[in-house]
Amino acid sequence: HRARSAAEIRADFPILARQVHGKPLVYLDSTASSQKPQSVIETMNTYYQSYNANVHRGVYEISEEATAAVERARVKIARFIHARHSKQVIFTRNTTESINLVAYSWGNANIHSGDLIVLTEMEHHSNLVPWQLLAQRTGARLEFVPVTEDGLLRQDIYDELLTYHPRLIAFTHMSNVLGTINPVQEMIARAHAVGATVLVDGAQSVPHLPVDVQALDADFYCFSGHKMLGPTGIGVLYGKRELLEAMPPFMGGGDMIRTVKLQASTWNDLPWKFEAGTPAIAEAIGLGAAVDYLNDLGMEWVIEHEHEITAYALERLQEIPGLTIYGPRALEQRGGVISFTLGDIHPHDLASILDQEVGVAIRAGHHCAQPLMERYDVAATARASFYVYTTTEDVDALVQGLQKAQQIFSF
Ligand SMILES: Cc1ncc(COP(=O)(O)O)c(CN[C@@H](CS)C(=O)O)c1O
């Protein structure tokens with residue numbers, strides 16, 4: 001991996017050169033969606049300019065080039081998460097669709113009335129609502145692992161819930177609100193010891209941490225391209241081969257079939273059984289370019305850089321009187337996401353002032369984790385999040401903006 005300075009990396013992201021309200025853009029909302037390097041943008045343009053064609057069907061050069069490019073991207077992604085085979089990488093639209101695919105295809109066939117599904121209090125709505133719908137469809141029941149005051153899962157209660165032999169356990173690898181990195185490998189081992197199947201929501205971990213799905217022994221692992229320097233409209237479901245082979249298709253249509261008769265059809269092999277219709281071709285190829293970019297930096301560098309920025313941010317934010325930070329203090333238990341409140345200033349007002357006064361873009365709201373807001377008894381939080389292009393100067397601008405907000409509201 002090439003050691004590159006922050007200035008060198010930032011030069012790769014055209015949007016970071018723009019201004020907002022006459023000030024340089026300070027983008028601190030990568031947890032919502034990351035910015036895109038020029039190499040990803042150019043890769044997608046080149047597809048449209050040079051070999052735009054549908055895949056799997058055309059027996060002509062540019063269609064074969066497009067098909068090969070999509071399958072090369074799939075192999076890159078499989079290697080990036082250390083999947084045994086690229087057939088275990090199913091392209092979806094995003095993390096949400098990946099989780100819904102499992103809830104419908106695996107869930108409908110394997111979850112029955114009275115079965116227990118275990119989730120956690122820190123889940124994103126995308127890893128909560130699909131399981132609520134499954135429980136309503138099947139008569140299964142949901143139980144939740146609570147979160148401690150400092151943003152960690154109650155492992156003692158997780159162990160207690162395991163004694164009830166849940167059929168399915170689903171939890172996030174890293175919280176999009178608290179930054180908490182859960183001990184996924186050991187939680188999966190304990191789940192497997194009682195015969196549970198485990199889905200991991202990797203939307204915030206694959207972009208920021210080295211992930212090895214075989215070492216974790218995850219049964220299903222889900223993530224989105226747009227959070228990891230790739231385009232929107234492309235996500236991934238990773239699954240153990242035997243599970244994916246046994247699952248019925250999620251959507252019916254072209255490409256996912258082998259033979260079609262009027263009354264019945266047979267299915268294509270993995271991964272195409274789960275990829276009905278024309279795929280997001282440019283987006284899959286773009287995600288492959290995003291993986292190239294991350295591999296060039298190295299994920300160990302990525303998480304180390306984010307820990308440096310997070311440590312600096314935690315230190316600077318704690319200088320601000322009246323500011324409350326949610327989530328673990330220990331760096332090794334968290335990633336580059338900091339949720340906070342500042343006195344009784346509504347997070348939406350904070351975000352507006354930061355945008356207008358210092359060009360800083362943060363997220364304010366419930367972050368699609370309303371049960372977690374309820375657990376901390378807050379209506380909303382402000383949230384700053386970091387990525388490969390974030391610098392300590394970005395954090396300084398955030399602190400300056402928060403101090404400005406305090407002045408404005410201290411009238
Ligand atoms: C842990 C976690 N799990 C699932 C999702 C959904 O990702 P999609 O690409 O939208 O399907 C997200 C996306 N969270 C964004 C949008 S709410 C955030 O600002 O926090 C996530 O963080």
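How many helices and strands does the protein have? Here are some notes on that and on a few places worth a look.

1. **Ground rules.** This is a predicted model, in which local features need pLDDT of at least 70 and side-chain atom pairs count only at pLDDT 80 or more, while totals for chains, interfaces and linings use all residues. Residues are numbered from 1 along each chain as its sequence is written, and side-chain values use heavy atoms, with hydrogens and water left out.

2. **Overall fold.** The protein has 14 helices and 17 strands. The radius of gyration is 22 Å, close to the 22 Å that the globule rule gives for 411 residues, so the protein is as compact as a globular protein of that length. (The radius is taken over C-alpha atoms, and the rule is 2.2 Å times the number of residues to the power 0.38.) Helices (H or I, at least four residues) and strands (E, at least two) are DSSP runs, numbered from the N terminus. Along the principal axes, the C-alpha atoms fill a box of roughly 75 × 55 × 35 Å.

3. Of the 411 residues, 56% are buried. Buried means under 20% relative accessible area, exposed over 50%, and partly exposed in between, with a 1.4 Å probe and protein chains only. Among contacts with a separation of 6 or more, 71% join residues 24 or more positions apart; contact means heavy atoms within 4.5 Å.

4. **Asp255.** You will find Asp255 in the loop between α9 (241–246) and β11 (257–260). Asp255 is buried, with a relative accessible area of 14%. Its side chain makes a polar contact with the side chain of His56 at 2.6 Å. (A polar contact is a pair of N or O atoms within 3.5 Å; within protein, one must be able to donate a hydrogen and the other to accept it, and residues adjacent in sequence count only if both atoms are side-chain atoms.) Not counting residues up to four places away in sequence, Asp255 touches His56, Arg57, Asn268, Trp272, Glu275 and Gly277.

5. **Ser33.** Ser33 sits in the loop between β3 (26–27) and α2 (38–50) and is buried, at 19% relative accessible area. Apart from neighbours within four places in sequence, Ser33 is in contact with Tyr27 and His226.

6. **Tyr158.** Helix α6 (residues 155–162) holds Tyr158, which is buried with a relative accessible area of 1%. Leaving aside neighbours within four places in sequence, its contacts are Val145, Ile169, Phe171, Met187, Arg190 and Ala191. Phe144 is 14 residues from Tyr158 in sequence, and their C-alpha atoms are 8.3 Å apart.

7. **Backbone geometry.** Most residues other than glycine have a negative phi, and most peptide bonds are trans. Against that background, the peptide bond from Leu270 to Pro271 is cis, with omega near -5 degrees; Pro271 is in the loop between β12 (265–267) and α10 (281–297). His82, not a glycine, has a positive phi of about 60 degrees. His82 lies in the loop between α3 (61–80) and β4 (89–92) and is partly exposed at 40% relative accessibility. Asp217 also has a positive phi, of about 65 degrees; its loop runs between α8 (213–216) and β9 (220–224), and Asp217 is partly exposed with a relative accessible area of 32%.

8. **Pockets.** The largest pocket holds about 270 Å³ of space. Its lining has 23 residues, of which His124, Asn176, Ala203, Gln204 and Lys227 lie nearest the centre, and divides into five nonpolar, 13 polar and five charged. The second largest pocket holds about 210 Å³. Phe91, Thr92, Glu97, Ala276 and Pro279 lie nearest its centre among 14 lining residues. (On a 1 Å grid over the protein atoms alone, a cavity is a set of points where a 1.4 Å probe fits but cannot get out, and a pocket is an open set with protein on both sides within 12 Å along at least five of seven lines; lining residues have an atom within 4 Å of a point. Grid points are joined across faces, edges and corners, and a volume is the space filled by probe spheres set on the points. Ala, Val, Leu, Ile, Met, Phe, Trp, Tyr, Cys and Pro count as nonpolar, Asp, Glu, Lys and Arg as charged, and the others, Gly among them, as polar.)
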